[in-house]
Amino acid sequence: MAISVFDLFKIGIGPSSSHTVGPMQAAYDFVQVLKRRELLERVARIEVHLHGSLSATGKGHGTDRAIIMGLMGERPQHIDPAIVSPCIEELLESQALMLDGRLAIPFRWTRDLEWHDESLPYHPNAMTLVAHGHAEELYRNVFYSVGGGFVIDEVQAASGELDSDTTVLPFDFNSAGELLALCRLHGLRISELMLENEKAWRSEAEVRAELWRIWEAMQACVDQGLAAEGVLPGGLEVRRRAAALHRRLEAMDDDRSLIATTFSAMDWVNVFALAVNEENAAGGRMVTAPTNGAAGIIPAVLHYYMKFQPEADERCVVDFLLTAAAVGILCKKNASISGAEVGCQGEVGSACAMAAAGLTEVLGGTPGQVENAAEIGLEHNLGLTCDPVGGLVQVPCIERNAIASVKAINAAQMALRGDGNHFISLDKAIRTMRDTGADMQDKYKETSKGGLAVNAIEC
């Protein structure tokens, strides 16, 4: 399948790309099929069934609310996060769902929305949507939210055709080895090769403009996170920390000691990551990068570069994101970016590798050094479980993004100190992530049935 940089970086809302963004898009798509088949006016009732991981942690991730908003005609990239709670409250009070935003049908939360522990065959993130008429079933479909906001339906899952995009790319690659060989053969940097591929879909000017829009959305998310204070929703009483840390950083005296300087640099990276993931946990406007659970890492590292690197400009942003996307494509194609499928190594691990690659590229690294940085970032997240406490994307998710952001910078630094030659290849690290995910017990894969999710609870 042909994957674009804009498949990996998508504007949406929190707290989860697989449990919020994907389900909202699936529900929206379901309504569009009803409209195309001229069935919408005949719908008398909608049933929603959540399976596997979507059931296990769906309440904490807002999956039920996201699906309702999708049925109302909202899409993740356009919805105003502020309207979600009022719309849900109105539905609960009236027991009427405004299908496609205009057709009122009865909807009883406890009757029409069901939670099922068992997973469906293709992927643990599954939902079944059923439209009934007054006397018969009109249409049903099963959707799988496979990570990063990607959604496929039952027909696609059965056929193995996970993406209908048949665009022919000038420099198609399915492994890091192939990517490096193409760069050597054509004398291209990774960002240059990715830009040529993106031009199969849109002009260079459009690519640059859209990537700058992605960067502006990342900046807005950080700014919002640095301004907001208080307690995050969900019941864990987790307090936001980014705003207070930001104030302390801005008030710090200049201390030129090595330790103080190093700590200050890490503090800035931490505060950027915390700001994004606190905003994600609050259901705010996000950029999936490549998932929401790991959405703070790439913005934190890119903010770090743009703030402290003299003469950093728009071209650097574009090169960073294009290079990061190349690594994300490899993780998506050859393993997974879904925490429900391979654990948090697929989310935070992939994002750490992507950020390390992007930073190495804009700091002048060779393709070999970029691949090395990505491998270091991924290798040292292998085996990372997805065990959110209370099914919320808060503990340990928020801090985990900050730690991985610093790790990505260190990976880039180590790679730049070398010549690109190293013992374990990125392809082998990605394959290991896939195999480790297959061996990992389901309780450690976004079900909140193991790890910190159970040990944090006082009995």
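Let's start with charged pairs: the structure holds 22 salt bridges, where a salt bridge is a side-chain nitrogen of Lys or Arg within 4 Å of a carboxyl oxygen of Asp or Glu. Keep in mind that this is a predicted model, in which local features need pLDDT of at least 70 and side-chain atom pairs count only at pLDDT 80 or more, while totals for chains, interfaces and linings use all residues. Residues are numbered from 1 along each chain as its sequence is written, and side-chain values use heavy atoms, with hydrogens and water left out.

One of those salt bridges joins the side chains of R189 and D319, with 3.8 Å from N to O. This pair ties together distant parts of the chain, 130 residues apart. R189 is in the loop between α9 (176-186) and α10 (190-198), and D319 is in helix α15 (residues 314-334). Those labels follow DSSP runs numbered from the N terminus: helices (H or I) have at least four residues and strands (E) at least two.

Now zoom out. The chain is assigned domain 1 (17-159) and domain 2 (176-444), with bounds that come from an automatic or database domain assignment. Their centres, taken over C-alpha atoms, are 30 Å apart. Domain 1 brings 19 residues to the contact and domain 2 brings 17, contact meaning heavy atoms within 4.5 Å.

What does that interface look like? About 1200 Å² is buried between domain 1 and domain 2, and carbon and sulfur atoms give 55% of this area. On the side of domain 1 that touches domain 2, the elements giving two or more residues are α2 (17-36), α4 (58-61) and β7 (137-147).

Residues 4-154 are 38% helix and 31% strand, whereas residues 186-453 are 63% helix and 1% strand.

Finally, look at some backbone details. Most residues other than glycine have a negative phi, and most peptide bonds are trans. Yet the bond from G14 to P15 is cis, with omega near 10 degrees, and P15 is in the loop between β1 (10-13) and α2. Another cis bond joins A289 and P290, with omega about -5 degrees; P290 lies in the loop between β9 (285-288) and α14 (297-308). E237, a residue other than glycine, has a positive phi near 60 degrees, and its place is the loop between α11 (204-227) and α12 (242-251).

Notes. Buried area = accessible area lost by both parts, 1.4 Å probe.
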